[in-house]
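The entry is shown first.

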Amino acid sequence: MATVWIPPLLRDLTAGAQSVVVPGETVRELIAALDARYPGLADRLIEEGALRRGLVLMVDGVTSRQGLRTRVRPESEVHFVPAIGGG
Amino acid sequence: MSEQTTQEIVSPAYKVIGTRPARPDGVDKVTGRALFGADIQLPGLLHGKVLRSPHAHARIRRIDVSRAARLPGVKAIITAADLPDVENKIQEVGEGAIGLKYLSANLLARDKVLYHGHPVAAVAATSVHIAEEALALIEVEYEVLPPVLDVRAAMAADAPILLDDLRTDELGQKGTEPTNVAEHIRFQMGDPAAGFAAADVIVEREFTTSTVHQGYIEPQNATALWNQDDTITIWTSTQGAHSARDQVAEVLQWPATRIKVVPMEVGGGFGGKGNIYLEPLAALLSRKAGHRPVKLVMTRAEVLMATGPTSGSFIRVKMGATKDGRITAAEVWMAYEAGAFPGSPVGAGMNVILAPYRIENVLIDGYDVVVNKPRTSAYRAPGGTNAAYAAEVVIDELCEKLGMDPLEFRLLNGVKEGDRRASGPAYRRIGYLETVRAIQQSEHYRTPLEGPNRGRGVASGYWGNWGGRSSVAASVNADGQVNLIVGSVDLSGTRTTLAMQLAETLGIPVEHIKPVVADTDAVGYNDVTGGSRTTFGTGVAVYELGRRLKEEMIGRVAELWEVDPAEVSYADGVFAAGERRMTFREAAGRLNEDRPIMVSAATHAQEVGPGFATHCVDVEVDPETGKVTILRYTAAQDVGRAVHPDLVEGQIQGGVTQGIGWALNEEYFYDREGHLLNATLLDYRMPVAPDLPMIDTILIEVPNPGHPYGVRGVGEVPIVPPAGALANAIYHAVGVRLTHLPMSPARILEALWAKA
C-alpha cells in the first residue's frame, strides 16, 4: 500500500479525492491499482509505456528517475508534479 | 555599514570547504586570455549572418536567394528548406523537453514568421560585410498577419492564432479547437472556499509584468566545421555542451556521436544559453560551403530581439488570513507568455509563488500561452521573480490590514520541514524561517529608517534547485597534482567549487587540483549548467570520484606494502598501515611508476535541497521624477553549505542586481505591429554600478542532508525576492502599490498622480 496524490486535473476521475491509498510495490503497480478503481487514470499518467513527459515522479519528497519501476514502501507518499527547468 | 556574514547551523571541521581560494581560471579571465566563442579563428573561416523577419506575424509566400547567391564572396545560403523535416515529437534535451518541430521552426521559419527577428535565411561569405550585403539581396514575400502581443489578448476567443496545430494540453487531455493556450496546469490542496470563509481579512490584486532579458554580456555565437568525413565540430557559448549536441542532432537528424561540441568560456548565460540558435545554421552553411568552417556571432540587437527573454505575465492573487495573522486560503491565476512557441516557465512560477508559506487551502491555475514575441528561455529562477512579486505584495498588504510586522507574519506562516508545498510534496530539511530571523536580527532591520519619501520593504523567495546527470574523471600525476575532468560548463566559478569538493574528499590542498571543462567527446554526459545544479549535482559526482580515487590508491598502496587493503588507512593526505606512512604525493609518484592512476564517476543527484531567501531593502522615491534610489539592501539566504563563500556572496549580489533591474527598469517595448523598439543596451536599461549600494549578504548554512557536504544550489534564489521587496518599500515610502513590473519612474509618477 502507498498513498498516491492525485494531480488536481485528474481529480474529476477520482470524484474529487485528493489522495488515495492503493496496493502496490512499484509505481507501475500503484497506477494499475488506481486505474482499476478509477478507470482512465492510467491513460493520463502513462504515455508510450512510460510516465508522461513533463511529469516528475516524487516519492517521499525525493525525485525518482526510475519512473514506473520505482519501488515504494507501504508508508510511501507518491506525487506526480510538473517538470520544472531552471536557469 | 556593509556586512557579509555567515551563520552556521552545524559546523563540521572542513579544511577546504568554506575557504576562499583564487579561481583557477581567474588569471586568464582578468588578462583577456580566456577564449570565448567569438575568438575562434580557423583556416578558411567564413562568416555568417542571419536574415530576420521584419514582421511579428506573417506568412512567407516566397523566398528568392538568387541575387544574393550571385554576389562575389557568398559561399552558401540556407533557408528552412535546408533543414530536414522533423517529427512533431517531444524530445528531452538538457533540462527540459521541447517539441522538435517547434525547435526547428525557431531556427529558420518555415511557412510563418512568428516574431520580429525570427530567422528566415542565413548566408556564409568571405567577410561579415559581404554576408550582410547578401542579406539585403534576399527577397522575401510576406503576407502580413495581425500579431498578438499580450498574454490575455492571446487567450481571447477571437485572438489571431499563431500555431495552427496547437491544442491546449491538460495533463494528457488535448483540447479540440485551435488556440494560443498551450498548457493548463493546476495545483490544489484542501478547500479554498472554506478557507476564505474562515478568513477575517482578504486581499486580492492583479499584476502584470513585462518581457525582460537575461542581459548576458557575451552575445550568442557558434562556429561549425562540417568535415569531409561527415563529422561536425561546433565551438559555441553554451550552458550545456551535451545538450547543445543533442539538440543539433535532433534538428539536423544527424547522429549525436558524429557531432562534437566544444564549450567555450561563457560570458553570462543565466538560463539564456541552454537553447540553440546558431549552431545548426553554422553547420549547414559549412557543409554547403564546401566544408569550410563558418562562424556566426549575434549583434546585441539580435540577442535582444531573437534569443530567449523571459515571459511577460498576468497574475491574480487572492489571499485570506485570520485576524491573528494565520493564512487560511490562497487562490492564484497566472498566465505566462511563452513567446512564439510553447514552453514558458509558468509551472516554475506556480512552484515559487506561495512556496514560503504553509497554506492548507490553496488553488493555483497556470497557463502557458504563445504570443508574437521571441520564444522564451529560462532566466535565473525562471518565472519566479514575477510570481513572488505578486504574492509578496499581497502579503505586505495583508500585514498592513492586520497591523502585523511583516517578518512576524512570515515567522507565523512560514514553512519548515514536514510542511507541504502547493504541489503536494512535503519539504525535507529547509532553512526558510532561519532567513526571516536573520533579517529580523540584522543591524539593517533593527536600524530605524527616517526621512521623507523613504520606505522599507521585505520579501521572501524560493527556488527548488536541481540535481541532474554528471560525469567526471580524475587522473593523478606523478607529482601528486590531480587533473579533474568535468563536463559541466563553468558559468560562475564551478571549476573552483568542484575542485574544492575533490580536495576536501582527498584531503589535499585545492591548489593541487587542476579542473578542466571537457568537450562532448572527452567526458560522459552532463546536463546543462542550470537550475543551480552544478556545485550540488556535479559535486555529488566529484565526491564519489574522490571516494573511488581513495579506494583505488589505498588498494594499490596496500599492494606496494604487501598488506591487506583493510590495514591501510588514509587521512589528511597520508596513507598509513602500522608504522608505515606515505603522503599522497609520494604515493602518486610510486604508483605511477607501475601504471597511471585514473578513475571516473557518473551520478544523477536526486536529493536536491531547495533554497529560501528573505530580503530587506530601503528606498527613497523622488516624487518629482519617480526615480527610486536604493539606500540599503540586505539579503539573507539558506545556502546549505557555502563551499566558497566569495562565490556564494557574488551569486547573491548578482541575483539581487538582476532582480532590481527587472523590478525598476528593464522591459521590452513593442509597437502595435509587434516591432521591438529598444533592442540596444542604451534603451534596454539594466542596472549599472552607480545605481546600486553595496548589497549585504547573510549566509545561513542549513546543510542539505542529500549532499555529503550539505550543499544546496544558491544561484537562482536571490533573484526571486527583489521585485516584491522593492514594491513594498516603494509603498511604504510614498503610499502607492505598484502592480506592474517594471516599476519605472513613469509608472511611479502615474501612480502618484492617480493617488493625488
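The text below moves from domains and chain contact to local packing and strand pairing.

The model is predicted; local features need pLDDT of at least 70, side-chain atom pairs count only at pLDDT 80 or more, and totals for chains, interfaces and linings use all residues. Residues are numbered from 1 along each chain as its sequence is written, and chains are lettered from A and ligands numbered from 1 in the order in which they are written.

**Domains and chain contact**

For chain B, the domain assignment, which is automatic or from a database, gives domain 1 (1–8 + 418–464 + 609–756) and domain 2 (467–605). The centres of domain 1 of chain B and domain 2 of chain B, taken over C-alpha atoms, are 38 Å apart. Their contact (C-beta atoms, placed from the backbone, within 7 Å) takes 14 residues from domain 1 of chain B and 15 residues from domain 2 of chain B. On the side of domain 1 of chain B that touches domain 2 of chain B there are seven nonpolar, five polar and two charged residues. In these classes Ala, Val, Leu, Ile, Met, Phe, Trp, Tyr, Cys and Pro are nonpolar, Asp, Glu, Lys and Arg are charged, and the others, Gly among them, are polar.

Between the chains, 39 residues of chain B meet 26 residues of chain A. On the side of chain B that touches chain A, two or more residues each come from strand 6 (96–99), strand 12 (181–189) and helix 10 (346–353) of chain B. Strand 12 of chain B gives the most, with five residues. Helices (H or I, at least four residues) and strands (E, at least two) are DSSP runs, numbered from the N terminus. That side of chain B divides into 16 nonpolar, 15 polar and eight charged residues.

**The sheet of chain A**

In chain A, five strands form an open sheet of mixed pairing in the order 2-1-7-5-6; two strands pair if DSSP finds at least two bridges between them. Strand 2 (19–22) and strand 6 (62–64) of chain A stand at the edges with a single partner strand each, so one side of each has no neighbour in the sheet. On average, neighbouring strands of this sheet are turned by 30 degrees against each other, direction ignored. Three bridges pair strand 5 (residues 55–59) of chain A with strand 6 of chain A in the antiparallel sense, and A:Met58 stands opposite A:Thr63 in strand 6 of chain A.

**Helix pairs of chain B**

Axes are lines fitted to C-alpha atoms, for helices over the stretch in contact, and angles run from 0 to 180 degrees between N-to-C directions.

| Helix pair (chain B) | Axes come within | Crossing angle |
|---|---|---|
| Helix 7 (residues 241–252) and helix 8 (residues 279–288) | 9 Å | roughly 55 degrees |
| Helix 15 (residues 494–506) and helix 16 (residues 534–561) | 8 Å | roughly 35 degrees |

The crossing of helix 7 of chain B and helix 8 of chain B is right-handed, meaning that the near helix is turned clockwise from the far one by less than a right angle. Their contact residues divide into six nonpolar, no polar and one charged. Helix 15 of chain B also passes helix 16 of chain B in a right-handed crossing. The contact of helix 15 of chain B with helix 16 of chain B has seven nonpolar, nine polar and two charged residues.

**A hairpin in chain B**

Strand 26 (residues 574–577) and strand 27 (residues 580–583) of chain B run antiparallel, joined by four bridges. B:Phe575 has B:Met582 of strand 27 of chain B as its bridge partner. The hairpin of these strands has two residues between them, and B:Gly578 takes a positive phi near 60 degrees.

Definitions and conventions: Two residues are in contact if their C-beta atoms, placed from the backbone, lie within 7 Å.
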